[in-house]
Amino acid sequence: MTRQGRSPKFRRNRNPVTWLLRHAQMSLSSLGRLSRSPASTLMTAAVIGIALALPSGLHLLVDNVRQLSSSWDGSASLSLFLSEAVSGEQAEAVRRQIDRRDDVAESRLIDRNQALAEFRRLSGFGEAIDLLDDNPLPAVVVVRPHDSVAGVEGIARMAAELQAYREIDMAQVDLQWVKRLTAITGTIEHGVAILATLLAGAVLLIVGNTIRLDIQGRHSEIEIVKLVGGTDAFIRRPFLYEGLWYGLLGAAIALLLVLLSLNLLDSPVQHLAGLYASNFSLAVLDPLSLLGTLFGGPILGLAGAWLAVGRHLAEIQPE
Amino acid sequence: MIRFDNVAKRYPNGHEGLSGVSLHLEPGEMAFVTGHSGAGKSTLLRLIGLLERATRGQVWVNGRNLNKLRSRDIPYHRREVGMIFQDHRLLNDRTVFDNIALPLVVAGMAHAEITRRVRATLDKVGLLKKEKVLPITLSGGEQQRVGIARALVSKPPVLLADEPTGNLDPELSREIIELFLQFNQVGVTLLIATHDVDLVDRLGRRIVNLRQGRVASDTVRE
Ligand SMILES: Nc1ncnc2c1ncn2[C@@H]1O[C@H](COP(=O)(O)OP(=O)(O)OP(=O)(O)O)[C@@H](O)[C@H]1O
Ligand SMILES: [Mg+2]
């Protein structure tokens, strides 16, 4: 008993082996506790899983659409509407001239009569057309670009060059949809990023709330552990591990969901690709999404648990 | 071992649970705290276990000034002060063994050592055969002994008991007191709050009588 001088120091256990062992035990006992109520554990994990699966699933979808549109660029064609002044015989000459270009793989002339016949057949306005004295339709040269013409920009550049021909009134690229698709996928991509942020917040709240309820349920246990000298770290640990396990389970469920969707989508996509004579196949989950889900889940779980523990454990003090 | 220097405890509602208490317990001493309901017995013990902090004066336990203890040191302080409560404060979903092992588990003791110590303590309180049962299946006296075993298992130098015999019949009460006397013989410092004056009067031990938060008398009855 020394009233003067320094107080004796407390003995703290700082053996790293013991520390590791205790962590291993704690993580397993947390898992054990979760497995004792499998239904509610799975439910929480499934909610986390869906929240994690949505962004990576959407990202995958956007990825595939983008790949799809680029693989279809090659099959795009150009319609060159010849000017009124070009006569029937000249039209064939114009076609031959165009056909000589390096970037043209194939060309076909639809003369004014053919154009009218096709219009009549396809539009159903046949009788209305008959009322007209003159054929209002121009001759059209349909061009399939050479494979060396790459992407949306290449075809647009080619169209601009052709448009400059005196004989050509208008060069229309049947590519508008590709451009739009690209714009749409870009927009969706941004949307996915925002959604991912929101859903990450949701996972944080879900885990936080689950842990909060668990802390409340174990109120008296926490009190007693504090009474017999349990440190805050000791009391915190099982809850943090619980959050970690929830996140890990959720991530596993998310990956399972994404893989399952891929599997379900594969055969319709193959069918679709077959229709367009495309050799497109579904892209699998990219490493970024895979790692993002696999690590993002546990990190979010741990963070959610940390938030709950920080807020609610200090409130519990033994009486 | 325990020293109070002019200690006051004013609760947040303004009520003074203790006022101007000075007290000194030597290592290995055993004393009872008596007094009417509301006299401040529990408050006195709670200050020693740092369940409350003094609002005035100084409390020293085991050479440390509790006023200067940081909150992260509190768990380590509590490991040196075993506490026993009238309502036992046991974990009802854990076995007797697990309840008693708790102070050793939180201190990070190795598994084999925990088993050895818990068994030895169970033997001391006469509950060896009950280690695997849940506390709710035990009688009040047995539950109290589980609480005592838990306070004792880590061999703290100081043992506090707040109404440990509160709900027990006279015979069981005497058994519990008998246990405390045994612990004291091996050098544990004990402070026991009780309003059962008859029980402690004939023991020839120090009795601190509190009245309205002050020490009214501090005597050794023969
Ligand atoms: N948390 C609290 N808030 C406010 N006042 C309190 C609190 N705890 C105790 N008190 C008051 O402090 C005084 C001393 O209480 P304490 O519990 O120490 O008495 P006690 O001697 O243990 O009584 P009992 O024999 O009934 O257990 C009482 O007047 C009580 O009302
Ligand atoms: Mg009391």
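**Close-up views of chains A and B**

**View 1. Polar contacts across the interface of chain A and chain B.** Three residue pairs, both members at pLDDT 80 or more, are found in polar contact across the interface of chain A and chain B. On the side of chain A that touches chain B, the elements giving two or more residues are helix H1 (16-35) and helix H8 (219-227) of chain A. H8(A) supplies the largest share of that side, six residues. By type, the residues of the side of chain A that touches chain B are nine nonpolar, seven polar and 10 charged. The model is predicted.

**View 2. The salt bridge between chain A and chain B.** The rule finds one salt bridge across this interface. B:Arg94 and A:Glu221 form a salt bridge through their side chains, at 2.6 Å from N to O.

**View 3. Extent of the contact between the two chains.** Chain A contributes 26 residues to the contact and chain B contributes 32 residues. About 2,700 Å² is buried between chain A and chain B, and carbon and sulfur atoms give 59% of this area.

**View 4. The six-stranded sheet of chain B.** In chain B, six strands make up an open sheet with mixed pairing, in the order E6-E7-E8-E3-E9-E10. Strand E6 (81-85) and strand E10 (214-220) of chain B are the edge strands, each pairing on one side only. From one strand to the next, the twist averages 15 degrees.

**View 5. Strands E7 and E8 of chain B.** Five bridges join strand E7 (residues 158-162) and strand E8 (residues 189-193) of chain B, which pair in the parallel sense. B:Ala161 has B:Ile192 as its bridge partner in E8(B).

Conventions
Residues numbered from 1 in each chain as written. Chains lettered and ligands numbered in written order. Predicted model: local features only at pLDDT ≥ 70, side-chain atom pairs only at ≥ 80, totals over all residues. Heavy atoms only, no water. Pairing = 2+ DSSP bridges. Helix = DSSP H or I, 4+ residues; strand = E, 2+ residues; numbered from the N terminus. Axes fitted to C-alpha atoms, helices over the stretch in contact; angles between N-to-C directions. Contact = heavy atoms within 4.5 Å. Buried area = accessible area lost by both parts, 1.4 Å probe. Salt bridge = Lys/Arg side-chain N within 4 Å of Asp/Glu carboxyl O. Polar contact = N/O pair within 3.5 Å; in protein donor to acceptor, adjacent residues only side chain to side chain. Nonpolar A, V, L, I, M, F, W, Y, C, P; charged D, E, K, R; others polar.
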